[in-house]
Amino acid sequence: MSDKYILAIDQSTQGTKAILVNQHNQIFWKTALPHKQIINSQGWVSHDLNEIKENLKLLFKKVLEQISPDQLTGLAITNQRESAATWSKRTGSPLCHTIVWQDNRAEKLIKRISYPELKDKVKEKTGLALSPYFTGAKWGWMLLNEPRVIQAHENNDLCFGTMDSWLIYQLTNGKSFKTEPSNACRTQLMNIRTGKWDEKLGEVFGVDLESLPQIVDSNAHFGDTDLFGLFPHSIPILSVLGDSQAALFAHGCFKPGDFKVTFGTGSSVMLNIGQKLSDNINNKLNTSIAWSLDGQPSYVLEGNINYAGACITWLKDNLHLINTPEETADLAFTANPKDHTVLIPAFAGLGAPYWKPDMKAAFVGMTATTGKKELVRATLNSLVYQIADILSEFKKLYPKVNDEIHTDGGMIHNKYLMQYLSNITQRTVRIADISELSAVGSAMNAMKNKVGIQSSKLYNIRMKAHSAQEYRKEWSKWIKRLS
């Protein structure tokens, strides 16, 4: 009998992946296509939805070169969560480019409505600080600035969705307009206590709830697809999870206190806090929904770092200090140990737990002997310091935080970064055996499989606690000074 597979679609910031996952949570085959990062002179970041759709068709053709249609039992989706898409309800065609998650063009809109009472109300209902980072503000900006969006709104022909909803709509030829809580909770339009779109929140951003998809469970039947006519029959879409939550699922972080760090373009530090939501969620972190399975939601605390892998891309493409990301580990290991250069990576402000959207990036503490190696090391260190500060906030809000850090994403192969993470946080770092963890997590959800993947390597602490504390104090000093 031929093997059966789940086809996982991983819609990331940089591209689209198609991954075949077998019933043992193993990747049988994978392929990917990048899409263009459309960046204008103001630093706004956009994606072309039509390009992504065409890439998806090409990927499906490659899938069919590997297996026969009867070997696929279903499709799973995972996606970067806060990018804002919009399209015509009637034709399914995009109305404008997607506003990508790290884009802050809605900052002026947020400043205009940021009075204390509203900020507290939004935080209490959504678990998220009022910010241009989240999708609701991006859609609000579209309704004020994009002519085709304004016209579609007037004609009742408007669909707003995160990338999962766009994919589902296209894959089902407009028959299914759905999302699920791990994505919906990041829009600032869903009340995380009720699990439903909130009319008052819609009014904050000027978004009609009729323009939004139906919220269903993360393991619901999202519709059926024949992969744009390439299949002789339809297969069900069985799972949708935001990328960070999908990685948490794959790690097997199902118990309260379990947490993971995902290293991507940005970084997500996510802690499972169980099935009961605290009465007070007005804190420095994001409170979100991990997933809702068969009607039962689970909750997480999360700190998001805007620039993680994107910092390495900046070193390569803008400063030309490196040719490949792989060089950074050796450079950092051989940097001058007496150099105290620090990077404040506030290229789009600083997110959790600082919430300083106006802060600008800077190298500080340099001397005349500071060189390439020291700048590269400072860049990697800055990511670790932000993670450590988020973990400190976790401990304040939820004392039972696990002593192990589960990690995944492209940067886990950087030996310097992983060892420094262990040293500064004074925790064991457990490396995922699979780099495409979000795709595997969503596939596991589709198969109703809750056995986490195996780890391939451990990093143990090699720095005394007082030394780690001194490095963190130096970082904190610069944050306060530049604020």
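**Note on helix packing and nonpolar cores**

1. In helix α10, the buried residues are G309, A310, C311, I312, W314 and L315. The structure discussed here is a predicted model, and the points below should be read accordingly.

2. Against which elements do the buried residues of α10 pack? Their partners are helix α11 (327–333), strands β20 (342–344) and β21 (362–364), and helix α12.

3. The pairing with α12 can be described in some detail. Helix α10 spans residues 309–317 and helix α12 spans residues 372–397; their axes come within 9 Å and cross at roughly 165°. Because angles over 145 degrees count as roughly antiparallel, α10 is roughly antiparallel to α12. The crossing of these two helices is right-handed.

4. On the α10 side of this contact stand C311, I312 and L315, which meet V376, T379 and L380 of α12. By class, five of the residues in the contact of α10 with α12 are nonpolar and one is polar, with no charged residue.

5. The axes of α1 and α6 come within 12 Å, with a crossing angle of roughly 60°. What is the orientation of α1 and α6 to each other? The two helices are oblique, and the crossing of α1 and α6 is right-handed.

6. Helix α1 contributes L49, I52, K53, L56 and F60 to this contact, while α6 contributes M163, W166, L167, Q170 and L171. The contact of α1 with α6 comprises eight nonpolar residues, one polar residue and one charged residue.

7. As background, nonpolar side chains in soluble globular proteins tend to be buried together. In this model, the largest nonpolar core has 93 residues. Within that core, the residues with the most contacts are M142, F160, F205, F263, I344, I387 and F394. Which helix gives the most to this core? It is α12, with twelve residues.

8. With neighbours within four places in sequence left aside, M142 is in contact with A84, T86, C96, H97, I99, V149, I150 and F160. One of these partners, F160, is itself listed with M142 among the residues with the most contacts inside the largest core.

9. There is also a second, separate core, which has 35 residues. Its members include L72, Y169, F222 and I235.

Conventions. Residues numbered from 1 in each chain as written. Predicted model: local features only at pLDDT ≥ 70, side-chain atom pairs only at ≥ 80, totals over all residues. Heavy atoms only, no water. Axes fitted to C-alpha atoms, helices over the stretch in contact; angles between N-to-C directions. Helix = DSSP H or I, 4+ residues; strand = E, 2+ residues; numbered from the N terminus. Parallel < 35°, antiparallel > 145°, perpendicular 65-115°, else oblique. Left-handed = near helix turned anticlockwise from the far one by under 90°. Contact = heavy atoms within 4.5 Å. Nonpolar A, V, L, I, M, F, W, Y, C, P; charged D, E, K, R; others polar. Core = buried A, V, L, I, M, F, W, Y, C linked by side-chain atoms within 4.5 Å. Buried < 20%, exposed > 50% of the residue type's maximum accessible area, 1.4 Å probe, protein only.
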